[in-house]
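Biologist: Hi, I'm new to this one. Could you put it on screen and walk me through some side chains?

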Amino acid sequence: ESSTSVKIDKNNPTLSIATSKTTKSITVVATAEAYSGITKYEFSNNGGSTWVNGGTNKTYTFNGLKNNTAYNIRARVTSGASRQTATNNTSVTTNNIAVPTYKEAQAAGKSTVTITYPSGCGSTYTCTYTKSGGTAVSVNSTTATVTFTAAGSVTGKVSDGTNTVSSSYTPTIKYGVSPGTVRGGSITLSKTLATHSDTVTFTTTPSSGFTYQGATVVCNNSTSQTLNSSTKSFKVTNTGCSQATVYPTWKKNDLVIFELEKTPTKYTWNANKFDGGSMTINYSTDRYYMYFSQGAYAARGQTSITTAIDVTDYGALRLSTYSTKGSFIFLGLISSRNDWVHNAGYKTDVWTNVNGSSVSVNINDAKGNYYIAMQAIRTDGSATEVIVNGVYLDGKTYSYTNRG
């Protein structure tokens with residue numbers, strides 16, 4: 001006669017679990033013991049609402065899960081004596097897929113967007129980007145660069161085969177702003193990059209003796225706008241502009257060499273050159289007199305300022321007369337006080353017996369230091385008197401079209 005021994009458990013099996021996870025799976029490893037042995041392993045990812053029979057395999061992987069999602073994991077074992085043990089819920093959250101992030105670098109008329117992806121593109125993950133609704137571009141590294149020269153957007157995607165995450169970015173295209181160089185002063189802008197809805201302000205710094213007259217904003221698409229002297233801000237509303245340059249307009253202040261009822265000694269005049277007779281200069285309370293006595297027919301007399309003036313930034317030499325008697329006069333610039341005005345390159349004349357006349361000499365091309373002089377020529381054989389109301393230097397204007 002033979003006999004068979006039966007193993008009988010006095011207690012339920014012991015059971016513990018360990019878990020590991022990815023973005024789309026959770027793996028459970030059960031550790032169980034029973035005197036009669038373990039005949040079945042079961043696993044649940046919903047807290048025991050449903051079970052998966054793992055047979056005698058103590059390891060089970062739940063696949064196809066959602067990323068960044070919590071699951072209640074349980075395990076249950078059955079011994080050879082039909083005793084069971086189940087674990088309590090263990091909450092496990094699947095890994096998250098990092099959403100693509102963006103960093104923008106701006107330049108005039110251009111935006112460069114760098115997309116950063118999680119590590120694993122091209123192996124663990126499938127990574128792409130789409131620019132402005134175009135064709136998807138594959139990415140096999142942690143970054144990708146997309147350049148924009150016009151309005152648009154970019155969408156980055158990451159997929160692990162089960163889950164897909166995405167994010168989008170809209171860059172800001174700005175135009176460049178820079179100050180233009182114009183003789184007579186400088187400007188400082190509030191911005192070097194601006195959108196077409198931004199207001200750009202500026203401050204003006206005139207050089208000595210110059211006055212701000214306005215500005216011209218010139219775009220690289222050949223459009224422009226003119227600002228008056230009271231306006232020191234602007235917007236570029238034409239989206240075709242990717243670079244704007246602001247050219248200020250400066251005017252050299254007019255210079256009074258002599259003027260009626262003004263201090264006549266601001267610039268000292270002397271009778272420095274004459275022939276055929278003597279010459280005198282006299283200031284009264286309201287007139288400037290240049291007089292020379294009878295000597296010979298067509299005798300000449302000349303007076304000039306004693307200190308040379310830099311005329312580079314002046315466009316005209318202007319004289320206003322009260323009267324000329326028995327003569328005509330030359331007005332002009334001379335390089336040396338020993339020169340006669342009528343031999344100078346920059347001169348004009350006022351004919352005899354003209355009262356209340358105003359004449360000017362174009363000196364746009366003159367640069368450097370000159371003396372201002374008046375030369376009278378007697379034409380009727382009598383004493384000659386020239387009465388002058390004022391002598392002026394008219395300042396040049398420097399602008400976008402005449403930058404100096």
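Predicted model: local features only at pLDDT ≥ 70, side-chain atom pairs only at ≥ 80, totals over all residues.

Biologist: Let's do rings. How many aromatic pairs does a search of the whole structure find?

Modeller: It finds 9 aromatic pairs. Rings of Phe, Tyr and Trp (its six-membered ring) pair if their centres lie within 6.5 Å; planes under 30 degrees apart are stacked, over 60 edge-to-face, and the rest tilted. One of the pairs is F43 with Y60, which is stacked, at 5.7 Å centre to centre and 15° between the planes.

Biologist: Where do F43 and Y60 sit in the chain?

Modeller: F43 is in strand β3 (residues 38-44) and Y60 in strand β5 (residues 59-62), so the pair links distant parts of the chain, 17 residues apart. Strands (E, at least two residues) and helices (H or I, at least four) are DSSP runs, numbered from the N terminus.

Biologist: And F43, buried or exposed?

Modeller: F43 is buried, with a relative accessible area of 0%. Another aromatic pair is Y247 with Y400, and that one is tilted: 4.8 Å centre to centre, 45° between the planes. Here too the pair links distant parts of the chain, with Y247 in strand β23 (residues 243-252) and Y400 in the segment after β36 (397-398), 153 residues apart.

Biologist: How accessible is Y247?

Modeller: Y247 has a relative accessible area of 12%, so it is buried. Y400 is at 30% and counts as partly exposed.

Biologist: Which residues form one aromatic cluster?

Modeller: F202, Y212, F234 and W250 do.

Biologist: Which residue lies over the face of W51?

Modeller: R76 does, at 4.2 Å from the ring centre. The rule for a charge over a ring is NZ of Lys or CZ of Arg within 6 Å of the ring centre and within 35 degrees of the ring normal. K131 lies over the face of F148, at 4.9 Å from the ring centre.

Biologist: New topic: where is N45 found?

Modeller: N45 is in the loop between β3 and β4 (52-55). It is buried because its relative accessible area is 19%. Leaving aside neighbours within four places in sequence, N45 is in contact (heavy atoms within 4.5 Å) with F62, L65, Y71, N72 and I73.

Biologist: How many salt bridges does a search of the whole structure find?

Modeller: There are 5, a salt bridge being a side-chain nitrogen of Lys or Arg within 4 Å of a carboxyl oxygen of Asp or Glu. Among them, D198 meets K191 at 3.6 Å, N to O, and K251 meets D254 at 2.8 Å, N to O.

Biologist: How accessible is D254?

Modeller: D254 is partly exposed, with a relative accessible area of 44%. K251 is partly exposed as well, at 22%.

Biologist: What does D394 pair with?

Modeller: The side chains of D394 and R318 meet in a salt bridge, 2.9 Å from N to O. The pair links distant parts of the chain, 76 residues apart: D394 is in strand β35 (residues 384-395) and R318 in strand β30 (residues 314-325). D394 counts as buried at 18% relative accessibility, whereas R318 counts as partly exposed at 25%.

Methods. Residues numbered from 1 in each chain as written. Heavy atoms only, no water. Buried < 20%, exposed > 50% of the residue type's maximum accessible area, 1.4 Å probe, protein only.
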